[in-house]
Amino acid sequence: MTFKVAIIGRPNVGKSTLFNRLVGRKLALVDDTPGVTRDRRVHAAKLYDLHFDVIDTAGFEDAGASTLPGRMRAQTEIAIREADLIFFTIDAKSGLLPDDRTFAEIVRKSGKPVVLVANKAEAKGAQGGMLEAWELGLGEPIPVSAEHGQGMPDLRDAVIEALGEARAFGEDEDTDDEEAAASEVLIGEDIADPDAEPSYDDTKPMRIAVVGRPNAGKSTLINALIGEERLLTGPEAGITRDSISVDWDWRGRRIKLFDTAGMRRKARIHEKLEVMSVQDGLRAIRFAEIVIIVLDATIPFEKQDLQIADLIIREGRAPVIAFNKWDLIDNPQELLAELREKTERLLPQARGIQAVPVSAETGRGLDKLMDAVLRTHKVWNSRVSTGKLNRWLEAILTHHPPPAVAGRRLKVKYVTQAKTRPPGFVVQCSRPDAMPQSYVRYLSNSLREAFDMPGVPIRIALRTSDNPFAGRAKKR
């Protein structure tokens, strides 16, 4: 059985750098600015032959409960309660500060085993900070450099000593599951049998990213869905910085939810930290299958909302719109009709996209939202047999044949579905480069309507059949 380690300390001591070192990947954002981490993040980690879950936490600050630092501290206190072992991290370069002593007392009162980690031990003058660390009464400080990977063997030995060998070397766990999931092909999946129509597999885990502009209510929505205050929320815009993943079970279906930082227009982003946050959110979109676009129902369809939706569709993800803050709307029926009309008009590239009014604050509409997510996921995974496609194509060509280009009629011969996730089709025709985009859009819209594929991107690739005699020299 694996154990949990929480990395605790005041801001800017290198907790996220140590987290990334233990995880083996740069998952947590790292910057010189204090207080980069705000939510707690959990991930499988490895320290030589030790396998465990590690929790990255916000910097411990002494602040009132209603303030943002106070709410961050509450998240860190939850991490302490969840953990089996605490890495109390200090900055050996700068030495002890008053906050270190205050929070060491809190950690000591928790009764959990503690390893005192003296980070940045490679710096000049770090020896003085190491000696000061003894004053905390948390045992011998372990000098490490999370940035350069120094001191990791000593850290391993300290973990075994703190937990005991039996607890540290619990049953072997498969720690590679998430890496295997990350290596899946996300853009599409080839299907070998062109005539097969496999049934939808509802046993596979589903990956859902929640995106939107700052202060649209993304973190509040995830907290409402899972039924606990897992993510930091508040009236301040831009609270979320890292893309945090949360495991959840909905009606027996395993789901991994990704909270993301609010995405502002590129022209308004100047700080390096916000650039990194947005890039982290874009990675979450590419990793997801379904993307819930959270719109503030009081100010919906800003230009940035449409750009986010267009990005998701171009990436081939399956979008679902959540009109949040519906509890603040005075004329819900009239507004809903207006918003759905705008959705169809402003997002024609995903005609029929599911759009659901919700209130993350009151919990209204959440079941309908998840039903819409499931319907969209089924469509995104749907497949049509080649026979049905070519019967459809025959009717289309009779009703609306392709136009003539440069005096020559274009010939469309055959269509098959090459992949799903999103649905992708290959159309064989005489001159792919001459086919007007308007006719390709007509084929796409007709496919969507004929085979009931609303709200997901549809890819059409034009191909020409190879001429076996092309390029063959004439023999004399």
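Q: What makes helix α10 a helix that lies across strands, and which strands are they?
A: Helix α10 (residues 303-314) lies across β8, β11 (290-296) and β12 (318-324). Contact means heavy atoms within 4.5 Å. Helices (H or I, at least four residues) and strands (E, at least two) are DSSP runs, numbered from the N terminus. Helix α10 runs at about 175 degrees to β11. Axes are lines fitted to C-alpha atoms, for helices over the stretch in contact, and angles run from 0 to 180 degrees between N-to-C directions.

Q: What kind of model is this, and how are residues numbered?
A: This is a predicted model, in which local features need pLDDT of at least 70, side-chain atom pairs count only at pLDDT 80 or more, and totals for chains, interfaces and linings use all residues. Residues are numbered from 1 along each chain as its sequence is written, and side-chain values use heavy atoms, with hydrogens and water left out.

Q: Which strands does helix α12 lie across?
A: Helix α12 (residues 366-380) lies across β8, β9, β10, β11, β12 and β13. Its angle to β12 is about 165 degrees.

Q: Why do β9 and β13 stand at the edges of their sheet?
A: The open sheet has six strands in the order β9-β10-β8-β11-β12-β13, with mixed pairing. β9 (244-250) and β13 (355-357) each have a single partner strand, so one side of each is left without a neighbour in the sheet. Neighbouring strands of this sheet are turned by 25 degrees against each other on average, direction ignored.

Q: What makes β8 and β10 a pair?
A: Two strands pair if DSSP finds at least two bridges between them. Strand β8 (residues 206-212) and strand β10 (residues 253-259) have five bridges, in the parallel sense. Met 206 has Ile 255 in β10 as its bridge partner.

Q: How many bridges join β5 to β6?
A: Two bridges join strand β5 (residues 114-119) to β6, and the strands run parallel. Ala 118 stands opposite Pro 143 in β6. These strands belong to an open sheet of six, ordered β2-β3-β1-β4-β5-β6, with mixed pairing. Its edge strands are β2 (41-47) and β6 (142-143), each pairing on one side only.

Q: What makes Glu 82 and Lys 4 a salt bridge?
A: A salt bridge is a side-chain nitrogen of Lys or Arg within 4 Å of a carboxyl oxygen of Asp or Glu. The N to O distance for Glu 82 and Lys 4 is 4.0 Å. The pair links helix α2 (residues 68-82) to strand β1 (residues 4-8), 78 residues apart. Glu 82 is partly exposed at 32%, and Lys 4 is partly exposed at 25%.

Q: What is the N to O distance between Glu 341 and Arg 345?
A: The distance is 3.0 Å, and their side chains meet in a salt bridge. Both residues lie in helix α11 (residues 332-346), four residues apart, about one turn of the helix. Glu 341, at 42% relative accessibility, counts as partly exposed.

Definitions and conventions. Buried means under 20% relative accessible area, exposed over 50%, partly exposed in between (1.4 Å probe, protein chains only).
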